[in-house]
Amino acid sequence: MRRDPVVLFDDGTHQCLMFDDLVTGDGVQSNQFLITNSGQSILLDPGGDLTFTPLNIEISRYISSRSLTYIFASHQDPDIIAALDKWLLHTPAKVITSKLWARFLPHLSAAFLTQNHGIKTTERVIAVPDAGAQFRFGNTTLSALPAHFLHSVGNLQLFDPTSKILFSGDMGASLLDDGSAVESFAEHIPSMQGFHQRYMVSKQVTQLWANMVRQLDVEMIVPQHGRFFKGKAMIEQFLNWIESLDCGIDLVNQHSYQPPKQLLKLD
């Protein structure tokens, strides 16, 4: 049975919802987000075929999918934007993504969109420069923040100053089955350490990212997988941890790059 979405913020005008239980089967748990303000709506990292139908049904309880204004794709992974062709066909939304991936998104949209429906992917994609950008949304402004190499080479995160939520993509992700708030940071570390060591490119980049986040008035960091960090003390614990964690290329050496000896059985 589906749970109601987690209401991350709602002041009567501005609403942030999190759907954390839509993936079924073999897919990795992921969170999808809907933000609404003054008649506009933006869907964050909606995913692929596993989530398209259930997510479309869920958001229809709050908005008409035919009025969806924007989709935000933090990067190019399948669990981020693989169902792009369906969203282009069934909604009028424009897709906001890094300029690095904007030119590759047409590979995710079927030729029949253009041939049968006159939909050109390039005309529906808004490319964000490497430095990030702010954009108007309803009666507020959202910020697409640069988060390159965390983990994608062209990566963005969304900061919402009204709710003070940083939607952080894979930064802060944990391998858990729900998207509730972290209660004990120390107990939470084992569920995210291995992921960050493999997916974040280096401690140099995580330090630069943490410095940027400290310039913002953030009260929640909500990743695309697993649980979120709520409150400035909890957020500071996470920033202190991630900026001191050896990860990515900090951990590789010549042993990591050798001709393989293992025989892989294919049947």
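Reader: Quick one on Ser38: at 47% relative accessibility, what does it count as?
Author: Ser38 counts as partly exposed, because buried means under 20% relative accessible area, exposed over 50%, and partly exposed in between, with a 1.4 Å probe and protein chains only. Bear in mind that this is a predicted model: local features need pLDDT of at least 70 and side-chain atom pairs count only at pLDDT 80 or more, while totals for chains, interfaces and linings use all residues. Residues are numbered from 1 along each chain as its sequence is written, and side-chain values use heavy atoms, with hydrogens and water left out.

Reader: Thanks! Where is Ser38 found?
Author: Ser38 sits in the loop between strand 3 (32–37) and strand 4 (40–44). Helices (H or I, at least four residues) and strands (E, at least two) are DSSP runs, numbered from the N terminus.

Reader: And what is phi of Ser38 near?
Author: Near 50 degrees, a positive value in a residue other than glycine. For context, most residues other than glycine have a negative phi, and most peptide bonds are trans.

Reader: Ok, Phe149 next. What is its phi, and where is it found?
Author: Phi of Phe149 is near 70 degrees, again positive in a residue other than glycine. Phe149 belongs to the loop between strand 9 and strand 10, and at 38% relative accessibility it counts as partly exposed.

Reader: What about the peptide bond from Leu150 to His151, cis or trans?
Author: That bond is cis, with omega near 5 degrees. His151 lies in the loop between strand 9 (140–146) and strand 10.

Reader: In what sense do strand 10 and strand 11 pair?
Author: Strand 10 (residues 156–160) and strand 11 (residues 165–169) are antiparallel, over three bridges. Phe159 has Leu166 of strand 11 as its bridge partner.

Reader: And strand 1 with strand 2, how many residues are between them?
Author: Three residues lie between them in a hairpin, and Gly12 in the turn has a positive phi of about 95 degrees. Strand 1 (residues 6–10) pairs with strand 2 (residues 14–19) in the antiparallel sense over four bridges. Cys16 in strand 2 is the bridge partner of Phe9.

Reader: Is Cys16 buried or exposed?
Author: Buried, at 1% relative accessibility. Cys247 counts as buried too, at 0%.

Reader: Now the inside. How many residues has the largest nonpolar core?
Author: That core has 29 residues, and those with the most contacts inside it are Trp209, Ile221, Phe229 and Phe238. Helix 8 (203–213) and helix 9 (232–242) each supply at least two of its residues, and helix 9 gives the largest share, six residues. A nonpolar core is a set of buried Ala, Val, Leu, Ile, Met, Phe, Trp, Tyr and Cys residues joined through side-chain atoms within 4.5 Å.

Reader: Which residues is Trp209 in contact with, leaving aside neighbours within four places in sequence?
Author: Among them are Ala147, Leu150, Leu166, Ile221 and Phe238. Contact means heavy atoms within 4.5 Å. There is also a second, separate core of 24 residues, including Ile59 and Leu105.

Reader: What about Ser65, which residues does it touch?
Author: Not counting residues up to four places away in sequence, Ser65 touches Asn56, His90, Thr91 and Pro92. Ser65 lies in the loop between helix 1 (49–59) and strand 5 (70–73) and counts as buried at 16% relative accessibility.

Reader: Last one, the whole protein chain: how many helices and strands are there?
Author: Nine helices and 13 strands. Its radius of gyration is 19 Å, close to the 18 Å that the globule rule gives for 267 residues, so it is as compact as a globular protein of that length. The radius is taken over C-alpha atoms, and the rule is 2.2 Å times the number of residues to the power 0.38. Buried residues make up 52% of the 267 residues.

Notes:
Two strands pair if DSSP finds at least two bridges between them.
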